There are 2 protein chains.
Amino acid sequence: MLSRKKEIPEQLNERLATSGLRFTPQRQQVYNVLLDTRDHPTAEEVFLRAKHESPDISMATVYNCLDALVTCGLVRQVNVNRAATRYCPNMNDHCHFYCDDCGKVLDVNCTSAGPVAGAKVPSGFQVTHYELSLRGHCPDCAAKAAKLHH
Amino acid sequence: MLSRKKEIPEQLNERLATSGLRFTPQRQQVYNVLLDTRDHPTAEEVFLRAKHESPDISMATVYNCLDALVTCGLVRQVNVNRAATRYCPNMNDHCHFYCDDCGKVLDVNCTSAGPVAGAKVPSGFQVTHYELSLRGHCPDCAAKAAKLHH
DNA sequence: CTTCAGCTTAGAATAATTCTAAGTATTGAC
DNA sequence: GTCAATACTTAGAATTATTCTAAGCTGAAG
């Protein structure tokens with residue numbers, strides 16, 4: 001169980017270094033939490049999970065570590081509907097779907113063109129980031145609702 | 001100055017009624033503020049502007065009124081980057097561009113297909129809402145930056 | 001070694017929003 | 001019209017997510 005975590009440190013260390021940040025056990029721990037279950041936890045959830053292995057970690061450190069991981073490009077923030085920010089270690093081009101029924105946040109792939117292409121941004125605008133967030137019913141909840149309907 | 005506001009009440013009244021909400025002077029006032037300058041103000045900014053004409057209005061009422069307007073479909077919330085929610089009375093299909101330099105929020109038209117088409121949502125997902133937010137440099141700030149560069 | 005910048009920590013502070021309780025206004029039943 | 005029921009507004013307290021502060025710790029560089 002602990003063995004597979006040995007792979008990570010080098011990659012993490014390099015990425016931190018390129019942003020002028022140091023490798024620390026807390027940063028590794030927080031990153032591990034995100035990699036372990038990719039369910040887009042909030043900072044608070046990361047904190048609770050990280051405490052299992054590092055009981056002394058503090059909330060402020062979790063925020064600091066998450067910031068560091070975002071800064072060095074290993075993690076993305078996911079904001080949906082003004083709820084607490086969630087964190088996602090999937091750096092592929094994708095967007096997020098929030099299920100209004102069960103509250104889960106799910107990754108949704110974008111086509112190669114990406115949704116920004118569909119937005120046809122007027123000339124003059126320089127887009128450096130974009131975030132597409134979807135809301136509705138996830139496949140599970142949609143299926144349940146359909147069943148109830150008959 | 002007051003004359004052009006006479007147009008609004010009926011439309012607003014109808015829309016409120018269809019959601020089981022009442023017409024009130026405060027709701028009209030808040031809606032007027034949004035229509036007057038479509039610059040995506042925050043609740044606080046709406047509050048300050050509304051106070052000019054209705055000095056007794058309270059912050060809680062502004063939030064209540066904005067909620068009512070969102071509920072009855074006359075206003076949209078615009079969330080960007082966990083900053084304070086902004087409010088937009090443009091209900092056409094469009095998305096928002098946030099300028100990292102000047103902080104302005106600008107409307108950007110979407111094509112008829114819309115960005116969700118570009119996202120190719122897997123089957124099973126039922127998308128009821130989506131929000132595409134862009135960040136970068138607006139035309140003005142991009143031009144200024146280019147000039148400074150030489 | 002010693003220094004110095006970067007990191008972690010607990011707890012205080014902040015900012016946006018929501019809640020609470022009380023008062024006011026409007027609606028509908030009679 | 002009167003009266004009760006419901007909806008709305010208000011001030012201020014409370015809540016929540018996040019950031020700040022000050023102090024101590026750590027590890028690399030001189």
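Helix 4 of chain B gives the most residues, three, to the surface near DNA strand D. This and the other values below come from a predicted model.

**Surface near DNA strand D**

Around DNA strand D there are 16 residues, of which A:Tyr63, A:Thr85, B:Thr24, B:Arg27 and B:Thr61 come nearest. Of the atoms of DNA strand D that come within 4 Å of the protein, 83% belong to sugar and phosphate. By class, the surface near DNA strand D comprises six nonpolar, six polar and four charged residues.

Several residues of chain B place polar atoms beside phosphate oxygens of DNA strand D. For B:Arg27, a polar side-chain atom lies 2.9 Å from a phosphate oxygen of DNA strand D. For B:Thr61, an N or O atom in the side chain is 2.4 Å from a phosphate oxygen of DNA strand D. The elements giving two or more residues to this surface are helix 4 of chain A, together with helix 2 (25–36) and helix 4 of chain B.

**Surface near DNA strand C**

DNA strand C has 17 residues around it, and those that come nearest are A:Thr24, A:Arg27, A:Thr61, B:Tyr63 and B:Thr85. Sugar or phosphate accounts for 81% of the atoms of DNA strand C within 4 Å of the protein, and bases for the rest. The surface near DNA strand C divides by class into six nonpolar, six polar and five charged residues.

Both protein chains supply side-chain contacts to phosphate oxygens of DNA strand C: A:Thr24 has a side-chain N or O atom at 2.7 Å, and B:Thr85 has a polar side-chain atom at 2.8 Å. A polar side-chain atom of A:Thr61 lies 2.4 Å from a phosphate oxygen of DNA strand C. Two or more residues of this surface come from each of helix 2 (25–36) and helix 4 of chain A, and from helix 4 (59–71) of chain B. Helix 4 of chain A gives the most to the surface near DNA strand C, with three residues.

| Protein residue | Protein atom | DNA strand | Distance to phosphate oxygen |
|---|---|---|---|
| A:Thr24 | side-chain N or O | C | 2.7 Å |
| A:Thr61 | polar side-chain atom | C | 2.4 Å |
| B:Thr85 | polar side-chain atom | C | 2.8 Å |
| B:Arg27 | polar side-chain atom | D | 2.9 Å |
| B:Thr61 | side-chain N or O | D | 2.4 Å |

**Helix packing in chain A**

In chain A, the axes of helix 2 and helix 3 come within 9 Å and cross at roughly 115°. Helix 2 of chain A is therefore roughly perpendicular to helix 3 of chain A. The crossing of these two helices is right-handed. From helix 2 of chain A, the residues A:Gln29, A:Val30, A:Val33 and A:Leu34 meet A:Val46, A:Arg49, A:Ala50 and A:Glu53 in helix 3 of chain A. The contact of helix 2 with helix 3 in chain A consists of five nonpolar, one polar and two charged residues.

Helix 3 (residues 43–53) of chain A also packs with helix 4 (residues 59–71) of chain A, at an angle of about 115° and with the axes 9 Å apart. Helix 3 of chain A is therefore roughly perpendicular to helix 4 of chain A. Helix 3 of chain A passes helix 4 of chain A in a right-handed crossing. In this contact, A:Ala43, A:Glu44, A:Val46 and A:Phe47 of helix 3 meet A:Met59, A:Val62, A:Tyr63 and A:Leu66 of helix 4. The contact of helix 3 with helix 4 in chain A has seven nonpolar residues, no polar residues and one charged residue.

**Helix packing in chain B**

In chain B, the axes of helix 2 and helix 3 (residues 43–53) come within 9 Å, crossing at roughly 115°. The two helices of chain B, helix 2 and helix 3, are therefore roughly perpendicular to each other. Helix 2 of chain B passes helix 3 of chain B in a right-handed crossing. The residues B:Gln29, B:Val30, B:Val33 and B:Leu34 of helix 2 meet B:Val46, B:Arg49, B:Ala50 and B:Glu53 of helix 3. By class, this contact in chain B has five nonpolar, one polar and two charged residues.

Definitions and conventions:
Residues are numbered from 1 along each chain as its sequence is written. Chains are lettered from A and ligands numbered from 1 in the order in which they are written. This is a predicted model: local features need pLDDT of at least 70, side-chain atom pairs count only at pLDDT 80 or more; totals for chains, interfaces and linings use all residues. Side-chain values use heavy atoms; hydrogens and water are left out. Axes are lines fitted to C-alpha atoms, for helices over the stretch in contact, and angles run from 0 to 180 degrees between N-to-C directions. Helices (H or I, at least four residues) and strands (E, at least two) are DSSP runs, numbered from the N terminus. Angles under 35 degrees count as roughly parallel, over 145 as roughly antiparallel, 65 to 115 as roughly perpendicular and the rest as oblique. A crossing is left-handed if the near helix is turned anticlockwise from the far one by less than a right angle, and right-handed if clockwise. Contact means heavy atoms within 4.5 Å. Ala, Val, Leu, Ile, Met, Phe, Trp, Tyr, Cys and Pro count as nonpolar, Asp, Glu, Lys and Arg as charged, and the others, Gly among them, as polar. A residue is near a molecule or strand if one of its heavy atoms lies within 4 Å of it. A polar contact is a pair of N or O atoms within 3.5 Å; within protein, one must be able to donate a hydrogen and the other to accept it, and residues adjacent in sequence count only if both atoms are side-chain atoms.
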